[in-house]
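Let's take a walk through this structure together, one stop at a time. Have the sequence and the 3D view at hand as you read.

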Amino acid sequence: MPTPDTLRAFSFRALALLLLWWMLSGGEGWLFGGAASMLAAGVSLRLTPATHHRLRLRRIPRFVAFFLRQSAHAGWDVARRIVHPALPLDPAFLRLPLALPDGAPSWWLMSVISLLPGTLSVQRQGRSLEIHCLDAGLEVAAEVRHAEAQIARLFGLDAAPGARAGPHARGRP
């Protein structure tokens with residue numbers, strides 16, 4: 001028997017996917033769109049099960065502002081590096097401890113990291129996250145901690161206590 005969290009997650013995902021279908025199809029093919037949305041929602045629950053962490057709707061505008069600022073900053077930083085004659089790059093892999101709980105908050109962080117200037121989430125291992133960065137001299141750990149705090153706020157979580165430890169460089173690519 002599905003739990004209330006699972007049913008709520010399935011309903012939300014199916015409706016979100018159906019809305020996406022409606023926007024992309026122009027309102028055509030509801031029968032196929034409905035079936036595809038429900039199938040995709042079911043598969044998504046198998047891949048990322050429902051958790052008890054829920055977004056706080058009134059905190060979304062602040063997160064969107066953070067998201068847009070970080071996107072613009074990241075775009076500007078990468079563009080600046082491309083046109084700089086010396087192409088200032090010092091790539092590295094960093095391993096940072098995760099402070100957010102498993103589930104949606106951690107998944108959001110892994111997705112948002114790509115917004116930070118020159119960073120990409122590589123893999124998660126236990127309670128740590130491996131990140132590739134274009135410049136090891138940047139304050140990557142501080143940027144990730146800031147993103148983690150924004151996501152914690154979005155989910156109504158306390159600031160994570162494990163976020164204090166610094167990065168551990170794994171080496172140059």
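Leu24 is exposed, with a relative accessible area of 71%; the cut-off for that word is over 50%. Keep in mind as you look around that this is a predicted model. Leu24 sits in helix α1, which covers residues 4-25. What does Leu24 do out there? Together with Leu19, Leu20, Trp22, Met23 and Trp30, Leu24 makes a nonpolar surface patch of about 680 Å². Helix α1 gives the most to that patch, with 5 residues.

Now let's go from the surface to the inside, by way of helix α4 (residues 104-112). Its buried residues are Pro105, Ser106, Leu109, Met110 and Val112. Look down the axis of α4 and you'll find that these buried residues fall within an arc of 165°, so they line one face of the helix. And what covers them? The cover includes α3, β2, β3 and α5.

Pro105, in helix α4, deserves a stop of its own. Buried or exposed? Its relative accessible area is 0%, so Pro105 counts as buried, the limit being under 20%. Leaving aside residues up to four places away in sequence, Pro105 touches His53, Leu100, Ile151, Phe155 and Leu157. Take Ile151 from that list: Pro105 and Ile151 are 46 residues apart in sequence, yet their C-alpha atoms are 6.5 Å apart in space.

Ile151 brings us to helix α5, as it is one of that helix's buried residues. Others on the buried list include Val140, Ala141, Val144, Arg145 and Glu148. The cover over the buried residues of α5 includes α3 (60-83), β1 (92-97), α4, β2 (119-125) and β3. After α5 comes Gly156, whose phi is positive, near 70°.

Our last stop is β3, the strand that runs over residues 128-133 and holds Ser128. Ser128 has a relative accessible area of 14%, so this residue is buried as well, again by the limit of under 20%. What does Ser128 touch? Not counting residues up to four places away in sequence, its contacts are Arg95, Leu96, Pro97, Leu98 and Gln123. Strand β3 itself is part of what covers the buried residues of α4, and part of the cover for those of α5 too.

Methods. Residues numbered from 1 in each chain as written. Predicted model: local features only at pLDDT ≥ 70, side-chain atom pairs only at ≥ 80, totals over all residues. Heavy atoms only, no water. Helix = DSSP H or I, 4+ residues; strand = E, 2+ residues; numbered from the N terminus. Buried < 20%, exposed > 50% of the residue type's maximum accessible area, 1.4 Å probe, protein only. Contact = heavy atoms within 4.5 Å. Patch = residues over 30% accessible without salt bridge, like charges linked within 9 Å, V, L, I, M, F, W, Y side chains within 5 Å. Areas by Shrake-Rupley, 256 points an atom, 1.4 Å probe, with all protein chains shown as cover. Salt bridge = Lys/Arg side-chain N within 4 Å of Asp/Glu carboxyl O. Arc of directions from axis to C-beta.
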